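Colleague: I have a model open and would like to learn how to read it. Please take me through its features one at a time.

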Amino acid sequence: DPQMRRRMVQWNLENYEAEQEAEQVQRLDPPAVGRLAEVNVPTLVILVRLDTSETNAASDMMAAEIPGAKAHVFPDVAHMVSLEKPKEFDGLLADFLEQVDATD
(Lines give C-alpha, C1' and ligand atoms only; values in the text may rest on other atoms or scores of the structure.)
Protein backbone atom coordinates (compact mmCIF):
# COMPACT_ATOMS: atom_id res chain seq x y z
CA ASP A 1 0.00 0.00 0.00
CA PRO A 2 1.75 3.18 -1.15
CA GLN A 3 0.05 5.33 1.48
CA MET A 4 1.20 3.02 4.28
CA ARG A 5 4.70 2.98 2.81
CA ARG A 6 4.83 6.81 2.87
CA ARG A 7 3.58 6.82 6.45
CA MET A 8 6.23 4.28 7.50
CA VAL A 9 8.99 6.32 5.87
CA GLN A 10 7.74 9.41 7.74
CA TRP A 11 7.66 7.53 11.08
CA ASN A 12 11.18 6.25 10.55
CA LEU A 13 12.40 9.74 9.69
CA GLU A 14 10.75 11.19 12.81
CA ASN A 15 12.32 8.48 14.99
CA TYR A 16 15.73 9.07 13.45
CA GLU A 17 15.49 12.82 13.98
CA ALA A 18 14.40 12.33 17.61
CA GLU A 19 17.39 10.05 18.25
CA GLN A 20 19.71 12.74 16.92
CA GLU A 21 18.54 15.19 19.59
CA ALA A 22 20.18 13.83 22.73
CA GLU A 23 18.20 16.05 25.08
CA GLN A 24 15.03 14.19 24.07
CA VAL A 25 16.45 10.88 25.19
CA GLN A 26 15.76 10.04 28.82
CA ARG A 27 18.60 7.90 30.10
CA LEU A 28 17.86 5.48 32.91
CA ASP A 29 20.25 5.15 35.80
CA PRO A 30 21.07 2.33 36.12
CA PRO A 31 20.41 1.37 32.49
CA ALA A 32 17.45 -0.95 31.90
CA VAL A 33 19.64 -3.43 30.05
CA GLY A 34 21.26 -4.43 33.33
CA ARG A 35 17.92 -4.88 35.08
CA LEU A 36 16.05 -7.27 32.78
CA ALA A 37 16.00 -9.91 35.51
CA GLU A 38 13.79 -7.54 37.54
CA VAL A 39 10.92 -7.73 35.04
CA ASN A 40 8.15 -9.60 36.83
CA VAL A 41 5.23 -9.45 34.41
CA PRO A 42 4.32 -11.83 31.60
CA THR A 43 6.48 -10.92 28.64
CA LEU A 44 6.29 -11.88 24.99
CA VAL A 45 9.42 -11.14 22.99
CA ILE A 46 8.90 -11.18 19.25
CA LEU A 47 12.07 -11.80 17.29
CA VAL A 48 12.14 -10.71 13.65
CA ARG A 49 15.25 -11.95 11.90
CA LEU A 50 15.32 -9.56 8.93
CA ASP A 51 15.73 -6.56 11.25
CA THR A 52 19.08 -4.94 12.12
CA SER A 53 21.72 -6.92 13.96
CA GLU A 54 21.40 -4.51 16.90
CA THR A 55 17.65 -5.09 17.17
CA ASN A 56 18.14 -8.85 16.93
CA ALA A 57 20.80 -8.77 19.65
CA ALA A 58 18.54 -6.71 21.94
CA SER A 59 15.59 -9.04 21.34
CA ASP A 60 17.72 -12.12 21.99
CA MET A 61 18.98 -10.58 25.23
CA MET A 62 15.47 -9.78 26.43
CA ALA A 63 14.25 -13.28 25.61
CA ALA A 64 17.17 -14.80 27.50
CA GLU A 65 17.26 -12.52 30.54
CA ILE A 66 13.62 -11.69 31.36
CA PRO A 67 12.44 -14.42 33.73
CA GLY A 68 9.77 -16.59 32.15
CA ALA A 69 9.72 -14.61 28.91
CA LYS A 70 8.08 -16.32 25.99
CA ALA A 71 9.79 -15.79 22.66
CA HIS A 72 8.59 -16.27 19.12
CA VAL A 73 10.74 -15.98 16.00
CA PHE A 74 9.48 -14.65 12.68
CA PRO A 75 12.40 -15.61 10.40
CA ASP A 76 11.08 -13.83 7.31
CA VAL A 77 9.98 -10.48 8.79
CA ALA A 78 11.89 -7.20 9.00
CA HIS A 79 10.56 -4.88 11.68
CA MET A 80 6.84 -4.28 11.51
CA VAL A 81 5.58 -7.80 12.11
CA SER A 82 2.04 -6.61 12.79
CA LEU A 83 1.94 -5.13 9.27
CA GLU A 84 4.00 -7.76 7.48
CA LYS A 85 2.30 -10.84 9.00
CA PRO A 86 -0.90 -9.48 10.57
CA LYS A 87 -2.80 -12.78 10.87
CA GLU A 88 0.11 -14.63 12.44
CA PHE A 89 0.89 -11.71 14.75
CA ASP A 90 -2.73 -11.32 15.86
CA GLY A 91 -3.01 -15.05 16.57
CA LEU A 92 0.24 -15.11 18.52
CA LEU A 93 -0.73 -12.09 20.59
CA ALA A 94 -4.25 -13.40 21.24
CA ASP A 95 -2.86 -16.75 22.42
CA PHE A 96 -0.35 -15.01 24.70
CA LEU A 97 -2.96 -12.73 26.22
CA GLU A 98 -5.32 -15.66 26.69
CA GLN A 99 -2.60 -17.54 28.59
CA VAL A 100 -1.87 -14.48 30.72
CA ASP A 101 -5.57 -14.03 31.48
CA ALA A 102 -5.87 -17.71 32.44
CA THR A 103 -3.10 -17.37 35.03
CA ASP A 104 -4.61 -14.30 36.75
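Modeller: Start with the fold: the protein has four helices and two strands. Helices (H or I, at least four residues) and strands (E, at least two) are DSSP runs, numbered from the N terminus. This is a predicted model, where local features need pLDDT of at least 70, side-chain atom pairs count only at pLDDT 80 or more, and totals for chains, interfaces and linings use all residues. Residues are numbered from 1 along each chain as its sequence is written, and side-chain values use heavy atoms, with hydrogens and water left out.

Colleague: Which pattern does the protein follow along the sequence?

Modeller: The pattern is α-β-α-β-α-α. The C-alpha trace spans about 40 × 40 × 25 Å along its principal axes.

Colleague: What percentage of the residues is buried?

Modeller: Buried means under 20% relative accessible area, exposed over 50%, partly exposed in between (1.4 Å probe, protein chains only). Here, buried residues make up 16% of the 104 residues.

Colleague: Is Ser59 buried or exposed?

Modeller: Ser59 counts as buried because its relative accessible area is 8%. Ser59 sits in helix α2 (residues 53-65).

Colleague: Which residues does Ser59 touch, not counting those up to four places away in sequence?

Modeller: A contact means heavy atoms within 4.5 Å. By that test, Ser59 touches Val45, Ile46 and Leu47. Now take the whole protein: among contacts between residues at least 6 apart in sequence, 67% join residues at least 24 apart.

Colleague: Where is Ser82 found?

Modeller: Ser82 lies in helix α3 (residues 81-84). Ser82 has 32% relative accessibility, so it counts as partly exposed. From Ser82 to Leu93 is eleven residues in sequence and 9.9 Å in space, C-alpha to C-alpha.

Colleague: Now charge. Which residues gather in a patch of negative charge on the surface?

Modeller: Lys and Arg count as positive and Asp and Glu as negative; His and the chain ends are not counted. A patch takes residues with over 30% relative accessible area and no salt bridge, joining like charges within 9 Å. A salt bridge is a side-chain nitrogen of Lys or Arg within 4 Å of a carboxyl oxygen of Asp or Glu. In this patch are Asp95, Glu98, Asp101 and Asp104.

Colleague: Why does Asp101 count as exposed?

Modeller: Asp101 counts as exposed because its relative accessibility is 58%. Asp101 belongs to helix α4 (residues 86-103).

Colleague: How far apart are the mean positions of the positive and negative charges?

Modeller: A charge is placed at NZ of Lys, CZ of Arg, CG of Asp or CD of Glu. For the 9 positive and 20 negative charges, the mean positions are 6 Å apart.

Notes
Patch = residues over 30% accessible without salt bridge, like charges linked within 9 Å, V, L, I, M, F, W, Y side chains within 5 Å. Areas by Shrake-Rupley, 256 points an atom, 1.4 Å probe, with all protein chains shown as cover.
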